[in-house]
Amino acid sequence: MDEDNEQKIDAAGVKLPIYMDNQATTPLDPRVLEAMMPWLTTKFGNAASRNHSFGWEAERAVDAAREQVAHLIGATAKEIVFTSGATESDNLAIKGIAEMYRERGHHIVTQATEHKAVLDTCKRLERRGCRVTFLPVKADGIVDLDDVRRAIDDKTILVSIMAANNEIGVLQPIREIGQICHERGVLFHTDAVQAVGKVPFHVIDDFVDLASISAHKIYGPKGVGALYVRRRNPRVQLAAEIDGGGHERGMRSGTLNVPGIVGLGKACELAGENLLQEASRTQCLRDRLKAKLEAGLDYVQVNGSMEHRLSGNLNMSFLYVEGESLLMGIDDVAVSSGSACTSATLEPSYVLKALGLGDEVAHSSIRFGLGRFTTEAEVDYVAAKTIQVVRRLRELSPLYEMVKDGVDLSRMEWDKAGTRD
Ligand SMILES: *Cc1c(COP(=O)(O)O)cnc(C)c1O
């Protein structure tokens, strides 16, 4: 590849590789690391040790972090349960409610573009005898509120719908959904991992009963998260998934990850301090990236609502180009493609398919995830590089040539057109 070009741009102040995958994980904020350091070194006490100062100071640190997390989402400290991350929080919320409320009902409502931590948990509960409704989404990625209303019946105990999607950044109307649930006496869980710290999120105003949070999506450490569990109007009860010493009010046993929890608390404090400024800064950068890509390339489309979207997310399909080839072409930029990299078979993303996208369009998509440390120079580099690589790949694409020549590909059968196996 064009190494001279890279060095020139590098000299202009862009360090390579560029990280633009902030929905997968975020770098640790140095201020978070600083807050964690004592708890990784000299202050190593067990927060459950009641007999000495090592334990007491650890417990105080955990309590302070509990306040920080609660403050960010409008909760009280007692409503925060620390976990190993949002996957565990989602499991604890959904399985814990299904078990605790099984006398009342066995029906759960969720939707198609949830994270696997929600979808696969619901599927397991289905095998254990629960009934689960997986609602579709509209072409913009948003659930239809009437579908939510219609799905709730007298056996429904829980609605679980995410606040913001991790692939397309689409924001669901959680306040309206929460209101519907409260009117119907059904509990509302939201996987708020991508929303917390990025958009205003308030458990009272949004009628949320349970909310999952992860530290590593908000510039905190990996392996720690929280579940908000409402204690008033209504008081939510939860069966534990992990039994043992009775930590976290019996809802989640296990010695607390004190440094991780301190990091999560600090990450929440920082996110809350600058939420709106940071959101508008990333939105400017994201819109700059979008404008440049749209100016430099034809046949591109944004996937998911642009209006109801995380400021740091741009999910775009570059038609007549394969996402995987594009990823390889822009190998000094860390982004994700619309092919589920978790599977060896390169299945197109189930989220994009839920929007009604064909396999080809889903495969041609890239998720750009901008964040706190993304710079304008990085955006300009990524835009230029993407445009260059897409143009080069399209020069090799017979389909693109045909489209340019006015052939209507929608009248052709894709699989026989020979671009994919
Ligand atoms: C990352 C993510 C999770 C999983 O969180 P972990 O802390 O990595 O287990 C769950 N839901 C969403 C929407 C996510 O983006």
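**Figure 1. Residue classes and polar contacts around the ligand in the predicted model.** By class, the shell around the ligand in this predicted model consists of 7 polar, 3 nonpolar and 3 charged residues. The ligand is surrounded by 13 residues, and the closest are T87, D191, Q194, S214 and K217. Helix α4 (residues 86-100) supplies the largest share of this shell, with 3 residues. On its own the ligand has 380 Å² of accessible area, of which the protein covers 88%.

**Figure 2. Salt bridge between R252 and E88.** The structure holds 23 salt bridges, one of which is formed by R252 and E88 with their closest N and O atoms 2.6 Å apart. Because R252 belongs to the loop between β8 and α8 and E88 to helix α4, the pair ties together parts that are 164 residues apart in sequence. Both R252 and E88 are buried.

Figure 3. In the salt bridge between R286 and D287, the closest N and O atoms are 2.8 Å apart. R286 is classed as buried because its relative accessible area is 2%, under the 20% limit. D287, at 32% relative accessibility, counts as partly exposed. In the second pair, D298 forms a salt bridge with R394, and the closest N and O atoms are 3.0 Å apart. This pair links distant parts of the chain, with D298 in the loop between α9 (275-296) and β9 (300-302) and R394 in helix α13 (residues 376-395), 96 residues apart. D298 is partly exposed, with a relative accessible area of 26%, whereas R394 is buried at 2%.

**Figure 4. Network of salt bridges.** Salt bridges link D29, R31, E278 and R372 in a network. In general, side chains of opposite charge can pair when their charged atoms come close.

Figure 5. The bond joining L16 and P17 is a cis peptide bond, with omega about -5 degrees. P17 is located in the loop between α1 (3-11) and β1 (18-19). A cis peptide bond also leads from N233 to P234, with omega near -5 degrees. P234 is placed in the loop between β8 (225-229) and α8 (258-273).

Figure 6. Most residues other than glycine have a negative phi, and most peptide bonds are trans. Y219 has a positive phi, near 70 degrees, and lies in the loop between β7 (210-214) and β8. With a relative accessible area of 3%, Y219 is buried. For Y320, phi is likewise positive and near 70 degrees. The loop between β10 (313-318) and α10 (323-329) contains Y320.

**Figure 7. Nonpolar surface patch.** L28, L33, M37 and L40 make a nonpolar surface patch of about 330 Å². Within this group, L33 is located in helix α2 (residues 30-40). L33 counts as partly exposed because its relative accessibility is 37%.

Conventions
Residues numbered from 1 in each chain as written. Predicted model: local features only at pLDDT ≥ 70, side-chain atom pairs only at ≥ 80, totals over all residues. Heavy atoms only, no water. Patch = residues over 30% accessible without salt bridge, like charges linked within 9 Å, V, L, I, M, F, W, Y side chains within 5 Å. Areas by Shrake-Rupley, 256 points an atom, 1.4 Å probe, with all protein chains shown as cover. Salt bridge = Lys/Arg side-chain N within 4 Å of Asp/Glu carboxyl O. Helix = DSSP H or I, 4+ residues; strand = E, 2+ residues; numbered from the N terminus. Buried < 20%, exposed > 50% of the residue type's maximum accessible area, 1.4 Å probe, protein only. Near = heavy atom within 4 Å. Nonpolar A, V, L, I, M, F, W, Y, C, P; charged D, E, K, R; others polar.
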